[in-house]
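Some notes follow on the fold and on one helix pairing. Please read them with the structure open.

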Amino acid sequence: MSDIGDWFKSIPFITRYWFAGSIAVPLIGKLGLINPMYLVLWPENFFHKFQVWRPITSTLYFPVGPGTGFLYLVNLYFLYQYSTRLETGAFDGRPADFVFMLLFNWICIVITGLMMDMQLLMIPLIMSVLYVWAQLNRETIVSFWFGTRFKACYLPWVILGFNYIIGGSVVNELIGNLVGHLYFFLMFKYPMDLGGRSFLSTPDFLYRFLPNRRGGVSGFGAPPSRRPAAPEAGGGVVVEEVGEDVMPGELASV
């Protein structure tokens, strides 16, 4: 148990609470401690009965059962892997910027969910974070099942197809990818690469609650790096440097 505790404490702060909530809320629904109908997003109940917790619980809840357990575990793995990589990579030392990204993506997904009558928002938020990571590391070569190798920028779409095979739908993944693209375009692509005005910036109150852990100016002051990233440890999708002669990586464990 101490090994599990040490591993859990090693997860970056924000990812740790998101990961824990994504386990605790489905478990609460599975055990019947709270009726799962109170955990999903129902527009009528949200607007007319003022059940304001639903946008939050619907982001953390997933109906785990014999037909959905594997899909849940796969996406929980993606949450852990790519939220951790973003929090300790592009957003390292900038917790306010990372929280702002999550809040922006979450708000967009909640609005979309209310408009499209979606009850579960876990997968879209996870996919939006994965999409941002893939764009910030777009030239990195990743390995997927059966030794398939491709650039990280294609990873969200490969996973969309993968989840379609095991889950039968691509709506959640597609919405997550589109929201992730919206954030990446407004925060990085348009102002930094295309020279446009900046439409997104982290609010000052987030910096007061979550100050940067490193010196320098708040926010992002340089375009995202286009250089290949160094290999990252861990199972799942393996990241390898472009052009380097590497040993076969560990394939996806999903």
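In what order do the elements of the protein chain run from the N terminus on?

1. The model is a predicted one. Its elements run α-α-α-α-α-α-α-β-β-α-α-α-β from the N terminus on. That secondary structure comes to 10 helices and three strands.

2. The protein chain has 254 residues, of which 48% count as buried. Among its contacts with a separation of 6 or more, 67% are between residues 24 or more positions apart.

3. The largest nonpolar core has 63 residues. Those with the most contacts inside this core are W18, F78, L86, M101, W133 and Y183. The elements that give two or more residues to the core are helix 2 (13-30), helix 5 (69-88), helix 6 (95-116), helix 7, helix 8 (155-167), helix 9 and helix 10 (204-209).

4. One pairing deserves a separate point. The axes of helix 7 (residues 122-136) and helix 9 (residues 171-193) come within 7 Å and cross at roughly 45°. Because of that angle, helix 7 is oblique to helix 9. The crossing of helix 7 past helix 9 is right-handed.

5. Which residues meet where helix 7 contacts helix 9? From helix 7 come I123, P124, M127, S128, Y131, V132, Q135 and L136. They meet N172, E173, I175, G176, N177, V179, G180, H181, Y183, F184 and F188 of helix 9. By type, the residues of this contact divide into 11 nonpolar, seven polar and one charged.

Note on methods: Residues are numbered from 1 along each chain as its sequence is written. This is a predicted model: local features need pLDDT of at least 70, side-chain atom pairs count only at pLDDT 80 or more; totals for chains, interfaces and linings use all residues. Side-chain values use heavy atoms; hydrogens and water are left out. Axes are lines fitted to C-alpha atoms, for helices over the stretch in contact, and angles run from 0 to 180 degrees between N-to-C directions. Helices (H or I, at least four residues) and strands (E, at least two) are DSSP runs, numbered from the N terminus. Angles under 35 degrees count as roughly parallel, over 145 as roughly antiparallel, 65 to 115 as roughly perpendicular and the rest as oblique. A crossing is left-handed if the near helix is turned anticlockwise from the far one by less than a right angle, and right-handed if clockwise. Contact means heavy atoms within 4.5 Å. Ala, Val, Leu, Ile, Met, Phe, Trp, Tyr, Cys and Pro count as nonpolar, Asp, Glu, Lys and Arg as charged, and the others, Gly among them, as polar. A nonpolar core is a set of buried Ala, Val, Leu, Ile, Met, Phe, Trp, Tyr and Cys residues joined through side-chain atoms within 4.5 Å. Buried means under 20% relative accessible area, exposed over 50%, partly exposed in between (1.4 Å probe, protein chains only).
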